[in-house]
Amino acid sequence: MPGTLYAGVMTALLGLAARLQMSTLCLVTDLTPRAGELVDVVVSAVAGGVDMVQIRDSDADHEALAEGVAAIADALAGSQVLLGVHGVAATVEGTRADVLHLSAEGYPGPARTALGPHGLLGRSAHDVAQLERAAADCDYLFIGPVWSGPVRRQGGLELVGRAALDCRGHDDRPIPWFAAGGITAHNVGRVLEAGARRVAVGRAVTAASDPGEVARQISRAVGRAWLDDPLTGPVQPG
């Protein structure tokens, strides 16, 4: 018991960057997931293995978004789960989000200012050119869409494979990246075979009759991939 308590305290004290390194499964949801109430769906998904949550809802006004983030933050208080929003610099202002996720065309400068010194900045990359450009000015990437999404350029498994070989930041160090777009419990194996070791999921979880169980299936698949490739596994607290 003392060891378990110590580990829990140390996890809670980890900085955002360390928690990002440990994250392997991100849930992307709007404020009204089909599976039920927002907080219930998120808590269930986190119990199933989600360690990063991103709210993406272009139809919500800022007040509703801030309230949704606050409700999730309260429900997950004391956990190591990262909480983010998708949008622009103004989207994150006045919220309790740890992370701001930009589109592939988003501007990092204002976003960094809005986040403050400790917040994390992510962005999407839909082709090789965007992958190379975005990796230089953010803390993590979404790569895709792998199979489905609002944008389809050179994505797919080919881009996943490219990211596995060459996703590096401005200091030439590998940066965390998540394969995203149409990933489910049924096809995640192909994404992992292509080289992904982190994935982002949406409707596969938010529309499921049991969000926690679907998240658990995907999380276990990702975990097995890490075990098969331990040298590239997530950074664990020392």
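**Asparagine 187 and beyond**

Mentor: Asparagine 187 touches Trp147 and Gly182, leaving aside residues up to four places away in sequence; contact here means heavy atoms within 4.5 Å. The model is predicted, so local features need pLDDT of at least 70 and side-chain atom pairs count only at pLDDT 80 or more, while totals for chains, interfaces and linings use all residues. Residues are numbered from 1 along each chain as its sequence is written, and side-chain values use heavy atoms, with hydrogens and water left out.

Asparagine 187 sits in the loop between strand S7 (177–179) and helix H9 (188–193). Helices (H or I, at least four residues) and strands (E, at least two) are DSSP runs, numbered from the N terminus. With a relative accessible area of 16%, asparagine 187 is buried; buried means under 20% relative accessible area, exposed over 50%, and partly exposed in between, using a 1.4 Å probe and protein chains only. Its side chain reaches the backbone nitrogen of threonine 184 at 2.8 Å. That falls under the heading of polar contacts: a pair of N or O atoms within 3.5 Å, where, within protein, one must be able to donate a hydrogen and the other to accept it, and residues adjacent in sequence count only if both atoms are side-chain atoms.

The buried residues of H8 (residues 156–166) are Gly156, Leu159, Val160, Gly161 and Ala163. They pack against strand S5 (120–125), H7, S6, S7 and H9. Proline 145 lies in the loop between S6 and H8.

Cysteines come next. The whole structure has zero disulfides, a disulfide being a pair of cysteine sulfur atoms within 2.5 Å. For cysteine 138, which is in no disulfide, the nearest cysteine sulfur is that of cysteine 167, at 7.6 Å. Seen from cysteine 167, the closest cysteine sulfur is in cysteine 138, and 7.6 Å is too far for a bond. Cysteine 138 is buried at 9% relative accessible area, and cysteine 167 is buried at 5%.

Aspartate 139 brings in the salt bridges. The count comes to five salt bridges, the rule being a side-chain nitrogen of Lys or Arg within 4 Å of a carboxyl oxygen of Asp or Glu. One of them joins aspartate 139 and arginine 112, at 2.9 Å from N to O. Aspartate 139 is in the loop between helix H7 (128–134) and strand S6 (140–143) and arginine 112 is in helix H6 (residues 108–115), so the pair ties together parts that are 27 residues apart in sequence. Aspartate 139 is partly exposed, at 23% relative accessibility, and arginine 112 is partly exposed, at 32%.

Another salt bridge pairs arginine 96 with aspartate 74, with 2.9 Å between the closest N and O atoms. This pair links distant parts of the chain, 22 residues apart: arginine 96 is in the loop between helix H5 (89–92) and strand S4 (99–102), and aspartate 74 is in helix H4 (residues 62–75). Arginine 96 is partly exposed at 45%, whereas aspartate 74 is exposed at 52%.

Glutamate 213 and arginine 216 also form a salt bridge, with the closest N and O atoms 3.0 Å apart. Both residues lie in helix H11 (residues 211–228), three residues apart, which is about one turn of the helix. Each is partly exposed: glutamate 213 at 28% and arginine 216 at 26%.

Two packed helices are described by the angle between their axes and the distance between the axes. The axes of H3 and H11 come within 7 Å and cross at roughly 35°; axes are lines fitted to C-alpha atoms, for helices over the stretch in contact, and angles run from 0 to 180 degrees between N-to-C directions. On the H3 side the contact is made by Val41, Ser44, Ala45 and Ala47, and on the H11 side by Pro211, Gly212, Ala215 and Arg216.

Valine 42 also belongs to helix H3 (residues 38–47). Valine 42 is buried, with a relative accessible area of 1%. Residues up to four places away not counted, valine 42 touches Leu27, Thr29, Val53, Ile72 and Leu76. Leucine 76 is 34 residues from valine 42 in sequence and 9.0 Å from it in space, C-alpha to C-alpha.
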